[in-house]
Amino acid sequence: FAYGTGDFDARDRAVSDPMIAAFANFAATGDPNGPGAPRWPRYDLERDNHLVFENGFPQGQGFRADGARLVERFYRA
């Protein structure tokens, strides 16, 4: 998806093209938002928000939070 190569159907292309646009915008400007890209919200530590790369590009919370807590407990011990 990130490179836009492969035998994509319309649903795959609807995710791949905006993903590529977000990466290109970020590389060019330091901000993934811009033409052809989904709205990528600024990270908020309290919400632990992230953009989900799937149809509609919903915003998620707590990405792999359980695993991160496990690693934090391990290194604190």
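Biologist: What radius of gyration does the protein chain have, and what would a compact globule of 77 residues have?
Modeller: The protein chain has 15 Å, whereas a compact globule of 77 residues would be near 11 Å. The radius is taken over C-alpha atoms, and the globule rule is 2.2 Å times the number of residues to the power 0.38. This is a predicted model, where local features need pLDDT of at least 70, side-chain atom pairs count only at pLDDT 80 or more, and totals for chains, interfaces and linings use all residues. Residues are numbered from 1 along each chain as its sequence is written, and side-chain values use heavy atoms, leaving out hydrogens and water.

Biologist: Which pattern does the protein chain follow along the sequence?
Modeller: The pattern is α-β-β-α, with helices (H or I, at least four residues) and strands (E, at least two) being DSSP runs numbered from the N terminus.

Biologist: Changing topic, how many salt bridges does a search of the whole structure find?
Modeller: The search finds three, a salt bridge being a side-chain nitrogen of Lys or Arg within 4 Å of a carboxyl oxygen of Asp or Glu. One of them joins Arg 13 to Asp 17, with the closest N and O atoms 3.2 Å apart.

Biologist: How far apart are Arg 13 and Asp 17 in helix α1?
Modeller: They are four residues apart in helix α1 (residues 10-29), so about one helical turn separates them.

Biologist: And which residue pairs with Arg 76?
Modeller: Arg 76 forms a salt bridge with Glu 72, at 3.9 Å between the closest N and O atoms. Both lie in helix α2 (residues 65-76).
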